[in-house]
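Please read it alongside the sequence and the coordinates.

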Amino acid sequence: MPKILIVEDDEEIAILEKDYLETCGYEVIVKNNGESVPEMLFTGGYDLLILDLMLPGRSGYDICREIRDKIDIPILMVTAKTESIDKIRGLGLGADDYISKPFDPAELVARVKSHLKQYERLTAHAASDGNAEDTENVIQIGNLRILAKSWKVYRGNEEIKFPHREFELLKFLAMNPNMVFSKEYLFETIWKYDYVGDSATVTVHINRIREKIEEDSKNPLIIETVWGAGYRLNL
């Protein structure tokens with residue numbers, strides 16, 4: 001049974017989220033402030049985090065910044081703010097997705113299911129393939145190696161850590177090199193639900209990938225922006 005941690009200071013919203021998710025068979029723990037959340041995540045065996053951005057004690061931004069490179073579980077931000085800069089900031093710190101209040105609980109459940117399904121597939125691949133590097137699962141881009149089956153990325157001998165959404169996006173582009181894909185298409189393909197007109201999610205994830213694989217992320221050579229069309233990975 002997947003275990004979910006909800007960090008939400010609005011009691012009514014937290015109860016609503018918990019009830020809907022428990023009805024779908026998830027184990028749900030609720031915390032109403034940001035204190036000690038990283039410690040809970042490091043030791044509690046959680047499979048997904050639903051994180052409000054504006055919290056007493058410690059903000060969702062601070063929590064996301066602290067845990068992202070230390071624990072690889074899906075992070076779904078919940079925010080009452082509508083400004084794009086708040087969403088971009090949260091995504092830039094490593095959140096996988098966001099949902100704005102007020103929201104339909106059914107949409108929250110759908111997004112949780114989508115993220116958990118992809119995360120389960122990722123961990124299953126990693127467990128079954130181990131460190132095998134054969135010609136069928138290695139994509140070489142200069143000194144960058146992408147192990148498509150074992151979900152690992154190396155620059156030379158150094159492994160680069162990628163949260164699962166970033167890896168899926170990089171993997172998809174690498175397995176379809178020299179082709180241009182729109183933000184809408186990438187969103188629908190990687191996130192698995194209909195594009196809703198906000199390109200921030202794809203854009204921020206692309207920028208985070210570039211920061212890890214490009215020599216100069218401001219002048220990218222591997223993942224190119226094709227203005228007015230989308231993105232292309234050059235191979």
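1. β6 and β7 form a hairpin with 2 residues between them, and G142 in the turn has a positive phi of about 60°. Strands here are DSSP runs of E with at least two residues, helices are runs of H or I with at least four, and both are numbered from the N terminus. The model is predicted: local features need pLDDT of at least 70, side-chain atom pairs count only at pLDDT 80 or more, and totals for chains, interfaces and linings use all residues. Residues are numbered from 1 along each chain as its sequence is written, and side-chain values use heavy atoms, with hydrogens and water left out.

2. The pairing of β6 with β7 is antiparallel, over 4 bridges; two strands pair if DSSP finds at least two bridges between them. I141 has L144 in β7 as its bridge partner.

3. β7 also forms a hairpin with β8, with 4 residues between them and a positive phi of about 60° at W151 in the turn. These strands pair in the antiparallel sense over 4 bridges, and R155 in β8 is the bridge partner of L144.

4. From β7, L144 and I146 point one way, R145 and L147 the other, and all are buried (under 20% relative accessible area, 1.4 Å probe, protein chains only).

5. Leaving aside neighbours within four places in sequence, L170 is in contact (heavy atoms within 4.5 Å) with residues including I146, V153, I223 and L233.

Definitions and conventions
Buried < 20%, exposed > 50% of the residue type's maximum accessible area, 1.4 Å probe, protein only.
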